[in-house]
Amino acid sequence: MPYTADYRLLNFNTYDEYLHSNTKSDVKKYLRSAKIIKQVIKLGYHTNATIYEEDEFYEIKKNLLDQINPVSHHFVLFSSYRTSSDPALCALAEREASNMQKKLSTIIFVQLRQRTGFDISGYIDYEDSLRLNSLQMIGCTNWQAIFEGRILLRPKHTDLSFYDWHSGSVYFNNTSNYDVMHMGISLLFKYKGDLKFIPVSVADGPFKENVKRTAILSPLYGMVVLYDHIVRKAT
């Protein structure tokens, strides 16, 4: 049965709160029993507002929330918009689905020359960046535009790591998948799912079995390095 979009219902967490909001003070004064008050309000006395049954209240509220925050039961890969044959973009396209499915976790290292002549570089949590874009979060990376070749992938202050070669500014940030770690002068990322350490240097022998490091020469980006970690269940 279709109902009017009664947005007032979003102001209440429970059905009792909703009924209480429609209860006038004089009703509370003369009817001491909360059970009787509830029955009177449900019958529509002492109010001009439409009073819903409990199941109607929750059904209407759920439908309103679904309209405001629609849940997609399928998703289109951003890489399906790829128009470039650039090796780095092709490699990222190959990894997108497995990252979104949490079967693989890829960290992207990219270094770009700015118009000022100075570089910026950073490590990017690929799955985290894709998911933030899917949720259309403020400041997210536009992966569709990247795969379409309209913009370049640029590291940001909010990525796992960011370095401005001109100012010397360095930023480190934990993401939904990784904690940033330091072991001496070595930079490591700890994957939260299976607690494995991901080294960024091939010299970090104890953890090198946790990651496959792939360097890609890209006409668009120069040298891009992908760190692929096969996700395992924590033991």
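How many aromatic pairs does a search of the whole structure find? The search finds 10 of them, and the points below, written for a reader new to this predicted model, begin with the overall make-up and then return to the rings.

1. Overall make-up. The secondary structure of the protein chain comes to 7 helices and 9 strands. The chain has 235 residues, of which 39% count as buried.

2. Aromatic pairs. Among the 10 aromatic pairs found in the whole structure is that of Tyr163 and Trp165, whose ring centres are 5.0 Å apart and whose planes stand at 70°, so the pair is edge-to-face. Both partners are partly exposed: Tyr163 has a relative accessibility of 28%, while for Trp165 the relative accessible area is 45%. Elsewhere, ring pairs join Phe109, Tyr123, Tyr178, Phe189, Tyr191 and Tyr227 into a cluster.

3. The largest nonpolar core. This core has 22 residues, and those with the most contacts inside it are Ile108, Trp143, Phe147 and Tyr221. Two or more residues come from each of helix H5 (87–100), strand S1 (104–113), strand S2 (119–125), helix H6 (126–134), helix H7 (143–148) and strand S9 (222–230), with H5 giving the largest share, 5 residues.

4. Surroundings of Trp143. Which residues does Trp143 contact, leaving aside its neighbours within four places in sequence? They are Phe78, Leu92, Ile108, Tyr126, Ser129, Leu130, Asn133 and Leu153. One of them, Ile108, is itself listed with Trp143 among the residues that have the most contacts inside the largest core.

5. The contact of H5 with H6. The axes of these two helices come within 10 Å and cross at roughly 80°, which makes H5 roughly perpendicular to H6. On the H5 side the residues that meet the other helix are Leu92, Ala93, Arg95, Glu96, Asn99 and Met100, and on the H6 side they are Tyr126, Glu127, Leu130 and Ser134. By type, the residues of this contact divide into 5 nonpolar, 2 polar and 3 charged. Leu92, Tyr126 and Leu130, which take part in the meeting of the helices, are also in contact with Trp143.

6. Between Thr141 and Leu152, which are 11 residues apart along the chain, the C-alpha atoms are separated by 10.0 Å.

7. The loop between H3 and H4. Glu53 lies in the loop that runs between helix H3 (34–42) and helix H4 (54–68), and with a relative accessibility of 38% this residue counts as partly exposed. Although Glu53 and Leu19 are 34 residues apart in sequence, the distance between them in space is 9.9 Å, C-alpha to C-alpha.

Notes. Residues numbered from 1 in each chain as written. Predicted model: local features only at pLDDT ≥ 70, side-chain atom pairs only at ≥ 80, totals over all residues. Heavy atoms only, no water. Phe/Tyr/Trp six-rings, centres within 6.5 Å; stacked < 30°, edge-to-face > 60°. Buried < 20%, exposed > 50% of the residue type's maximum accessible area, 1.4 Å probe, protein only. Core = buried A, V, L, I, M, F, W, Y, C linked by side-chain atoms within 4.5 Å. Helix = DSSP H or I, 4+ residues; strand = E, 2+ residues; numbered from the N terminus. Contact = heavy atoms within 4.5 Å. Axes fitted to C-alpha atoms, helices over the stretch in contact; angles between N-to-C directions. Parallel < 35°, antiparallel > 145°, perpendicular 65-115°, else oblique. Nonpolar A, V, L, I, M, F, W, Y, C, P; charged D, E, K, R; others polar.
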